[in-house]
Every structure is written in C-alpha cells, then in structure tokens.
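I opened my notebook to look up a few spots in this protein. Come along and follow my entries.

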Amino acid sequence: MSNAEEVEKRRTFGIISHPDAGKTTLTEKLLLFGGAIQSAGAVKNSKIKKSATSDFMEIEKQRGISVATSVMAFNYSGKQINILDTPGHKDFAEDTFRTLTAVDSVILVVDVASGVEAQTERLMEVCRMRKTPVIIFVNKMDRDGKEAFDLLDELEDKLKIKVRPLAWPIGMGDRFKGVYNLFDNNLNLFQGNKTGISADVVPFENLNNPELDDIIGQEAADELREEVEMINGVYDPFDRESYLSGDVAPVFFGSAMNNFGVKELLDTFCRISPSPRGRDTDQGRIEPNDAKFSGFVFKIHANLDPKHRDRIAFLRIVSGKFERNTFYNHVRLSKKMKFPNPTSFMAQDKSIIDEAYPGDVIGLYDSGNFKIGDTLNQGESFVFKGIPSFSPEIFMELENLDPMKSKQLDKGIRQLMDEGVAQLFIQQPGSRKIIGTVGQLQFEVISYRLEHEYGAKCRFLPKNYFKACWITTENADMLERFRKAKTSNVALDREDNLVFLAETSFLLTMAEQDYPDITFHRTSEFKLEE
Ligand code: G4P
C-alpha cells in the first residue's frame with residue numbers, strides 16, 4: 001500500500017465529554033464494533049473512578065492501566081480507526097488539551113439530561129481554537145432529558161458552534177422509540193438491546209408513508225413528521241466542508257449503554273471525518289503526504305515502577321513513514337536517535353511495530369530525552385507549533401524539607417515538568433520555586449512521586465496568584481521599571497522566558513495599562529506566533 005493510501009485509510013480522533021456523560025461506554029461500544037474487544041466492561045478499568053478522586057495513588061495506578069488504552073486502534077469498514085483516550089478527570093484537563101493537538105477530529109458526548117456542562121465548554125474552546133471538526137453524540141436517550149430542539153439551541157449557545165442534526169430522536173425515556181436517520185433516511189428502532197451489536201434498521205425514504213403510523217404509532221409518527229419538517233426549515237442542509245472546517249457540528253442521538261445509535265455514528269464518522277491532516281511548523285506547513293517522516297511528542301507517561309525510571313513518549317506521526325531502528329533528528333537536542341522498540345497500541349495489546357504512518361500514535365521508550373512538544377524529523381530543523389502551555393490555575397511555592405536532598409528534588413521536579421505534570425516558575429530575584437497546575441490533585445501526585453521516586457521531601461505553601469502571563473517587549477527601560485515595581489510577581493519559566501504572576505484580573509489589566517509596551521501573552525506559544 002502506498003503512503004497516500006495508508007494516510008487515506010486512517011481516522012484519528014478523541015472522544016471528549018464531561019465526566020459521566022458516557023465516554024467510556026461509547027468507547028467500549030465502538031471497540032466492540034471494531035472487534036477490538038469481545039465483551040463489555042473491558043475498557044472500564046481505564047476509567048478514573050469517582051470514588052477515587054481523593055485517592056491519588058489509586059488514580060496513578062489507574063493512569064498506569066490507562067497507558068495500555070491511551071490509543072485504541074481497530075479496523076472498521078476499510079478504515080484504521082485510532083481513538084485517543086482523554087482523561088475525564090478535570091484535574092487532568094491539561095493532558096486532554098494536549099491530546100487534542102494529536103487528533104484530527106473529535107466526538108463530543110453530551111448527556112441528554114445534563115446538557116452542556118462546564119468542562120465540555122472548555123474542551124470545546126480548544127477545539128474551536130484549532131478548528132477541529134466535531135461530531136456531537138447526545139447520549140442516554142433512554143432516560144428523560146431536555147427536549148431535542150432546546151438541547152440543540154443550548155449546544156449552539158454554549159459551545160459557540162452551529163449544529164446540524166443528522167439523526168432525530170423519536171421520544172425519549174420510557175417513550176423512546178428510536179431515531180430517524182436524516183442522512184440516510186432510515187428508521188432505527190430502539191429495543192433496549194444491551195449487548196448485541198446488530199441494529200434493527202428499516203429504510204424509510206418518505207415519512208408521509210402511512211406505514212410509519214403502524215411502525216411507531218400515529219402520535220409519534222405525526223410528531224416525527226412535524227419535527228423533521230421543522231429541522232429542514234431551520235437548519236441548512238448538511239455540508240461536509242463546513243463540518244471539516246470546524247464551523248458546523250453534526251448531531252446524533254442514541255444510548256451508548258444500550259448500544260443504540262452507535263453504529264450510525266460510527267458509519268457516518270467513517271464517511272465524513274477527515275483523514276490525517278497536516279500541522280503547522282515554524283517553517284511552514286507539513287502535510288501527511290510529504291515524503292519525509294516527521295512527528296511530535298504530545299504526552300509522556302512515567303513508568304510507575306520506581307526502579308525503572310524509563311518513560312513512554314507518545315508520538316503523533318504527521319508526515320512520511322516512521323521506521324524502526326532508523327535514525328531521526330530530535331530537533332531540540334540536535335541529536336540523532338533511533339528506536340529499537342517502538343510500540344503501537346491495539347486496544348489492550350501493546351506490540352512492537354516496524355513502521356507507522358501519519359495519523360498513527362506510537363510509544364517510544366525514553367530515558368529522559370523527550371519533553372512534551374518535541375519534534376522528531378528526518379534531518380530538518382523545523383519544529384511543530386501547537387502545544388502551548390496554558391496558564392495554570394493553582395499556584396504553590398515548593399519548599400524543600402530535606403536540604404541534603406536538594407539535588408534529587410531538582411532532578412525530580414525537572415523530570416515531572418518534562419512529563420507535563422505541572423509548570424515550574426522560578427521567582428526573580430529570589431529563586432523560589434512556584435509550581436502551577438490546573439488541579440489540586442497534581443500537588444499530591446508531585447509530592448508522592450518526589451518522595452517515592454527521587455527520595456526528596458517537600459511541602460507546598462499556597463500562593464494567591466490568579467494567572468501566569470508570558471511577557472515580551474522591545475522596550476528595555478519599561479521592562480526594567482516593571483521588574484523593579486513587581487519584584488514578587490516576576491518569574492522565569494523553564495525555558496527562561498519571563499512570566500508575570502498576577503494576583504487578580506484587575507491587577508493584570510492595570511499592569512497592561514501601566515506598561516503599554518509590554519505584551520502579556522496568555523499562552524506560552526508566543527515565540528511561535530511571532
Ligand atoms: P464517562 O466515561 O463519560 O465518565 O461515563 P461512563 O461511560 O462511565 O458512563 C457514566 C454512567 O452513565 C455509567 O453508569 C454508565 O453505565 C451510564 N450510561 C452510559 N451510557 C448510558 C445510556 O445510554 N443510558 C443510561 N441510562 N446510562 C448510561 P454508572 O452507574 O456510573 O456506572 P456502571 O455501574 O453502569 O458501570
């Protein structure tokens with residue numbers, strides 16, 4: 001098969017949702033269709049359970065398990081589907097943001113009763129920023145929830161994207177009879193079938209056909225006719241280009257638990273979703289069909305066994321063909337590296353691969369060479385854009401509790417930061433270490449891992465910063481004045497970029513007004529923006 005055919009065959013996507021909307025259940029059903037697992041329940045293990053939210057070791061263990069399910073690949077309908085798992089737990093939102101840089105499209109799961117929840121809005125913001133095509137699956141139609149039209153309005157309003165239903169529910173909860181597929185014009189009747197993967201689909205071109213009344217009852221049939229007419233009046237016909245450009249999100253309705261509506265979702269996904277896309281670099285765009293291999297690291301997972309400190313770097317292949325035991329260029333380190341044991345992830349099996357193609361995600365064993373965002377390519381100097389650090393939301397000062405172990409502490413912190421567990425800022429002057437995270441849980445993870453993997457003890461002292469902004473300016477005098485005035489708020493990040501740690505949004509606005517020649521960047525990606 002040629003490189004272009006390999007590319008065309010692949011579909012790499014992520015499933016995102018607010019916890020409990022049904023992401024795990026849907027993933028499992030998709031894997032059942034793909035024949036990648038044989039029974040329900042197999043994916044559940046990878047989920048961070050609600051009961052474990054305060055038990056971080058349990059979460060770390062579960063994160064360990066989830067390495068195996070970080071990428072789930074299977075073949076379906078002539079396509080190789082790569083599902084990238086995203087942690088549902090909000091404290092790992094940063095992991096999810098990074099994973100979204102490695103996908104080409106997204107399926108967003110929404111619970112029909114809860115509608116759009118806060119976390120979904122944030123995830124969607126990242127999709128919008130990147131113009132990622134999104135398909136929405138409204139789940140739990142077997143339960144009572146919001147009326148379909150109201151829900152569509154809510155989706156448009158809160159997710160700030162136009163929607164276009166491609167399936168339409170007939171009733172819900174106890175009265176849920178099935179869905180009418182507006183894309184293929186067929187009826188799929190709901191039978192509460194929990195385990196099987198066959199669906200009872202009836203082709204039904206013309207809804208005015210009186211047979212509809214016999215099948216779903218007159219009341220439901222009339223309602224469906226009326227609603228479908230309304231949909232066709234209100235919404236523009238589905239246009240694949242608007243979906244691919246991230247402007248319109250097609251919507252499906254179903255029940256993942258009952259395996260209902262999932263096949264339609266998957267079939268339509270295979271037909272409309274994008275094959276692997278190119279990515280921007282600091283020297284222009286790289287397309288999947290470019291001959292030379294390139295890829296970037298978007299996730300690093302530590303080995304949980306403290307005796308083996310190797311890690312797995314997850315690399316998304318962007319162009320060309322990756323080959324085992326071939327030298328590639330690690331751009332940041334200007335170092336040639338080859339990989340004897342690259343792994344692929346086919347559902348629960350990890351296996352060594354000889355080659356991989358654009359859209360694939362492979363695991364590279366790493367002894368500390370990789371950082372999140374690193375580019376690997378074939379002898380060139382470009383680096384991929386698009387893995388910015390966002391401002392953390394919680395800040396703490398790190399205090400070393402054992403001065404004899406400061407070297408270990410420094411090494412541990414450096415490595416944990418490479419993995420993207422948190423961000424480190426060194427206060428200037430003073431050299432105090434400020435750690436910023438998006439969730440409280442990371443602090444527990446850091447102190448546990450520092451102690452158990454590096455033998456270093458630490459304590460965290462709360463800091464009431466609200467945001468970190470990366471600052472740049474051409475005006476050296478103004479910068480000098482700013483630094484003098486804000487001694488307790490200026491720090492350096494790990495790459496020695498200047499950062500302003502603002503206590504409140506008001507103080508940030510004031511700083512922007514008082515120092516007009518200084519630019520305050522909301523993400524760390526400013527260097528590549530210029
Ligand atoms: P998540 O990964 O998004 O966090 O959600 P998950 O799939 O674990 O689903 C959350 C809960 O919702 C689960 O129940 C799951 O069984 C249920 N669920 C998923 N899809 C549907 C659906 O279509 N209809 C209904 N009624 N429920 C659904 P749980 O009680 O938390 O777990 P479990 O005991 O069922 O495993």
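Before I start: helices of at least four residues and strands of at least two are DSSP runs, and I count them from the N terminus. I also keep in mind that this is a predicted model.

**Entry one, a charged patch.** I asked which residues gather in a patch of negative charge on the surface. I found Glu 147, Asp 150, Asp 153, Asp 157, Glu 219, Glu 223, Glu 226 and Glu 229. Two elements, α6 (148–159) and α8 (218–234), each give two or more residues to this negative patch. The largest share, four residues, comes from α8.

I then picked out Asp 150, which sits in helix α6.

I found Tyr 180 in strand β8 (residues 178–181). Is Tyr 180 buried or exposed? Its relative accessibility is 2%, so I noted it as buried. Not counting residues up to four places away in sequence, Tyr 180 touches several others, including Trp 168, Phe 204, Leu 224 and Val 228. I also checked Phe 253: it is 73 residues from Tyr 180 in sequence, and the two are 9.5 Å apart in space, C-alpha to C-alpha.

Strand β6 (residues 162–165) holds Arg 164. I saw that Arg 164 is buried yet has no salt bridge. The nearest side chain of opposite charge is Asp 236, 7.5 Å away. Leaving aside neighbours within four places in sequence, I listed contacts of Arg 164, among them Leu 182, Ile 231, Tyr 235, Phe 238 and Val 251.

Methods
Residues numbered from 1 in each chain as written. Predicted model: local features only at pLDDT ≥ 70, side-chain atom pairs only at ≥ 80, totals over all residues. Heavy atoms only, no water. Patch = residues over 30% accessible without salt bridge, like charges linked within 9 Å, V, L, I, M, F, W, Y side chains within 5 Å. Areas by Shrake-Rupley, 256 points an atom, 1.4 Å probe, with all protein chains shown as cover. Salt bridge = Lys/Arg side-chain N within 4 Å of Asp/Glu carboxyl O. Lys, Arg positive; Asp, Glu negative; His and termini not counted. Charge placed at Lys NZ, Arg CZ, Asp CG, Glu CD. Buried < 20%, exposed > 50% of the residue type's maximum accessible area, 1.4 Å probe, protein only. Contact = heavy atoms within 4.5 Å.
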